[in-house]
Amino acid sequence: MSNPIISLKNIDVTFTQKKKTIEAVKDVSIDVNKGDIYGIVGYSGAGKSTLVRVVNLLQVPTAGQVIVNGETFYDGSKGKDGVQIKANELRNRRRKIGMIFQHFNLLNERTVAENVAFALQHSPLKANEKKAKVAELLELVELSDRAEQFPSQLSGGQKQRVAIARALANDPEILISDEATSALDPKTTNQILSLLKKLNEKYHLTILLITHEMEAVKEIANKVAVMQQGVVLEKGSTLDIFTKPQAALTKEFIETATNQDKSLATIEESEAVANLQAGQVFARLTYSGNTTNEPLITALYQKYEVVANILYGNVEILQGTEIGSLLVILSGSQDGLTSALKNLADQGIHVEILKGQQA
Ligand SMILES: Nc1ncnc2c1ncn2[C@@H]1O[C@H](COP(=O)(O)OP(=O)(O)OP(=O)(O)O)[C@@H](O)[C@H]1O
C-alpha cells in the first residue's frame, strides 16, 4: 500500500462574511504520494488556492483531516474546533513545505542573493554555510550571475527562478506551486515547468501544481484532480484522466490543452457532421500506448462493415505514452455500429458519441 506524504480527508472550508456563507472547499479528499507531481486544475474561484493553503494550515479547514508526512496537522473529528498541531511544531514543519506564487512575492529592495538568504533567517546554518547554500541554490536555478541584481532587473521567468531557489532554501520535501506560470509567456512557462520536473526527478521533490492550464498538467504532472465550485469532479493518473475523462469540464480542459477545441468547433459545423444521416454517429476515439498500433479502422470495416471517415487525428505524448485521438463519422447498419462500438470499448478505446444515435 502506498503511504501518502499529503493526505487530505473530507476537507471543508467555509467562509462566513456578514450574512453570507461561502463554501470554498466541499468534502475534498486527496492523497499525494512522495515524488508525485499532483496537478489541481480548475477555473478561477474553484477553490484550488484555498485547498492547498490547507496543506500547511495557512488556511485552517472547517472540517476534515490534514496529515502531512505522517503527522496530523489538523483533525476536525476531535473537539468542537478540531485539534491542531502545536504552533512551534507547525513552524518547523512549514519550512519543509516550499511555496511559489503567480506574482513571485520577492522583496524588491533586496538583491537576488538576499531574497534567497531571507528564507534562511531561522536556519541553524552558520553565516558562511548560508552563503554557500545561497550560491548552490542560485546555481541550481542558473542565476549565479544575477546574485547581486535586484528583482526589477529580472524577467518574469528569472524572478520565478529566484522564488523557486528561495522556496528550496530549507530543503523542503513538498513544493506548492500556486499558478506559478500563469503570468509567464508559453516559452518561459515551459522552462519553469522543466525546472520543476528536474527538481522532482533529482530530489524526489513532491509538487502540488495548482493551475488553470491543463497544458501545464499535461507537461509534467503524473496525477491530476479537476475542481469546480469547491468540489473535486474527478481525479486520477494524468494518463487515465486524459484517455477517459468523465466530467464535461475535464473534457473541456483537455480539448484546450490538446488544441482540439478549435478543430472540434470547425468540424462540428462541417457539412458531414451538421447533416449526419441515420446510421451514422460522430464520435471521438481516444486510445493510449499499445492500442495505437492496432489497425482500428480497417478492422471495423472487415468485421462489421462499418466505414470510418476520419475528420481529425492527433497524437500527444503524455508521461512517455502515446495518446491518440480521432474524430470520426462511423457509418453502418444499426447492428454493425453497436458491435463496432462494443469492439472498440473492449480494446480499451474510450468512445464518446458526440452526435448521432447512441447505437
Ligand atoms: N479569505 C476568504 N474569505 C472569504 N471568501 C474567500 C476567502 N478566500 C477565498 N474565498 C472564496 O472562496 C472561493 C474559492 O477561492 P480560491 O481562491 O480558493 O479559488 P481558486 O480556484 O484558487 O481561484 P483563483 O485562481 O482565482 O485564486 C471563491 O469564491 C473566493 O471568493
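In this predicted model, Val41 has Thr211 of strand S9 as its bridge partner. The two strands concerned, S3 (residues 37-41) and S9 (residues 206-211), run parallel and are joined by five bridges. Both belong to an open sheet of six strands with mixed pairing, in which the order is S7-S8-S9-S3-S10-S11. At its edges are strand S7 (97-101) and strand S11 (231-237), each of which pairs on one side only. From one strand to the next the twist averages 15°.

**The four-stranded sheet**

A further open sheet has four strands, ordered S13-S14-S12-S15, with antiparallel pairing. Its edge strands are S13 (307-318) and S15 (350-355), and each of these pairs on one side only. The twist here averages 20° from one strand to the next. Within this sheet, strand S12 (residues 280-288) pairs with strand S14 (residues 321-331) in the antiparallel sense, over nine bridges.

Helix H10 (residues 260-269) touches S13 and S14, and its direction makes about 170° with that of S13. Helix H13 (residues 334-346) touches S12, S14 and S15, and its direction makes about 140° with that of S15.

**The S1-S2 hairpin**

Strands S1 and S2 run antiparallel and are joined by 10 bridges. They form a hairpin with two residues between the strands. Lys18, in the turn, has a positive phi of about 50°. Thr14 has Glu23 in S2 as its bridge partner.

| Strand pair | Direction | Bridges |
|---|---|---|
| S3 and S9 | parallel | five bridges |
| S12 and S14 | antiparallel | nine bridges |
| S1 and S2 | antiparallel | 10 bridges |

**The ligand shell**

The ligand is surrounded by 13 residues, of which the closest are Phe15, Ala24, Ser44, Ser49 and Thr50. Strand S1 (4-17), strand S2 (20-33) and helix H1 (48-55) each supply at least two residues of this shell. The largest share, three residues, comes from H1. Sorted by class, the shell has four nonpolar, seven polar and two charged residues.

**Helix pairs**

Helix H5 (residues 156-167) packs with helix H6 (residues 186-203) at an angle of about 20°, and their axes are 9 Å apart. Angles under 35 degrees count as roughly parallel, and H5 and H6 are therefore roughly parallel to each other. Their crossing is right-handed. On the H5 side the contact involves Gly156, Gly157, Gln160, Arg161 and Ile164, which meet Thr188, Gln191, Ile192 and Leu195 in H6. By class, the residues of this contact divide into three nonpolar, five polar and one charged.

Helix H12 (residues 296-304) forms a pair with H13, the helix that also packs on the four-stranded sheet. The axes of H12 and H13 come within 10 Å and cross at roughly 140°. That angle makes H12 oblique to H13. H12 passes H13 in a right-handed crossing. From H12, the contact is made by Leu300, Lys303 and Tyr304; from H13, by Gly336, Ser339, Ala340 and Asn343. The classes represented in the contact of H12 with H13 are three nonpolar, three polar and one charged.

Notes: Residues numbered from 1 in each chain as written. Predicted model: local features only at pLDDT ≥ 70, side-chain atom pairs only at ≥ 80, totals over all residues. Axes fitted to C-alpha atoms, helices over the stretch in contact; angles between N-to-C directions. Parallel < 35°, antiparallel > 145°, perpendicular 65-115°, else oblique. Left-handed = near helix turned anticlockwise from the far one by under 90°. Contact = placed C-beta atoms within 7 Å. Nonpolar A, V, L, I, M, F, W, Y, C, P; charged D, E, K, R; others polar. Near = placed C-beta within 6 Å. Pairing = 2+ DSSP bridges.
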